[in-house]
Amino acid sequence: MLSTPDGNKHTRTFLAEIPADYDASRLYALTFVFHGSAGSSSVSYSWGLQRAAGASASGIFVFPDGIGYKQYGIGWDDTNAGYDLPFFDNMLRDLEAGYCIDSSRVFVAGFSWGGDFAIALACNRGDEIRAVAANSTNDEFKDTSNYLTYQNLPCPTRRHPPVRFQHAEEGDAAYPPPDFATTSKLFQYLNSCTAQSTPVRSSSRPDSCVSYNGCSSEYIECSFDRKIGHALPPRWAEETWAFFTEHSK
């Protein structure tokens, strides 16, 4: 377990998994995985992204620990002036100082509240992130029917990274359907996509995926049977790592 300060100068912990055959002369991808509400680094580690085929040999994986946020419990400060953006900056700085990191292959994945923070990073640190996987998240809107009320707009980043957004097709126990629809509209807006989309193949039977057209950066949206509940769908790790690998080229 490693540690570094956040934006409030509090010492914060994160788990980092380094390849067993780490070679300091070789560049490695760096992937951050953010847990959901009331989670921890052990929870996000258990999702197994680092165990997807080829992942552990080619990348370093980071599983940060959230802390109590206001009255909402353990999670993330996903505001653009909050303490968790500097926490990300400091983790990235420390890992780049200690390991041979390919700065063009920094990836972010998050589920639920962790997905909210992943979107905040895409908005505020898009120039440093190659691709984002956001799962079962609605992010933060003053009006959940209007994506332009997203709390971090206008985004300061000059580049918005490719995004893969997965969610239940009709909402889930945590979020009603309009929340996911508004989040999708936000991604379309950030990545300058048109409203038209093209079906794309998924290796997961419950998934129905589309790729939006005309985007400045790729945006893929996948929906799955809400019977899965507010949880990661089957083959999440494999699908997410395949998306990141595609954007490693």
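Tyr-45 is partly exposed because its relative accessibility is 27%, where partly exposed lies between buried, under 20% relative accessible area, and exposed, over 50% (1.4 Å probe, protein chains only). The model is predicted: local features need pLDDT of at least 70 and side-chain atom pairs pLDDT 80 or more, while totals for chains, interfaces and linings use all residues. Residues are numbered from 1 along each chain as its sequence is written, and side-chain values use heavy atoms, without hydrogens and water.

**Aromatic pairs**
- The whole structure contains 23 aromatic pairs; rings of Phe, Tyr and Trp (its six-membered ring) pair if their centres lie within 6.5 Å, and planes under 30 degrees apart count as stacked, over 60 as edge-to-face and the rest as tilted.
- Phe-34 and Trp-76 form an edge-to-face pair, because their planes stand at 90 degrees, with ring centres 5.1 Å apart.
- Phe-34 is buried at 0% relative accessible area, and Trp-76 is buried at 0% relative accessibility.
- Tyr-45 and Phe-63 are also edge-to-face, with planes at 70 degrees and centres 5.2 Å apart.
- Phe-63 is buried, at 0% relative accessibility.
- A cluster linked by ring pairs comprises Phe-32, Phe-34, Trp-76, Phe-88 and Phe-117.

**Charge over a ring**
- The charged end of Arg-12 sits over the ring of Phe-87, 4.2 Å from its centre; this requires NZ of Lys or CZ of Arg within 6 Å of the ring centre and within 35 degrees of the ring normal.

**Leu-85**
- Leu-85 is buried, at 1% relative accessibility.
- Beyond neighbours within four places in sequence, the contacts of Leu-85 include Phe-117 and Leu-121, contact being heavy atoms within 4.5 Å.
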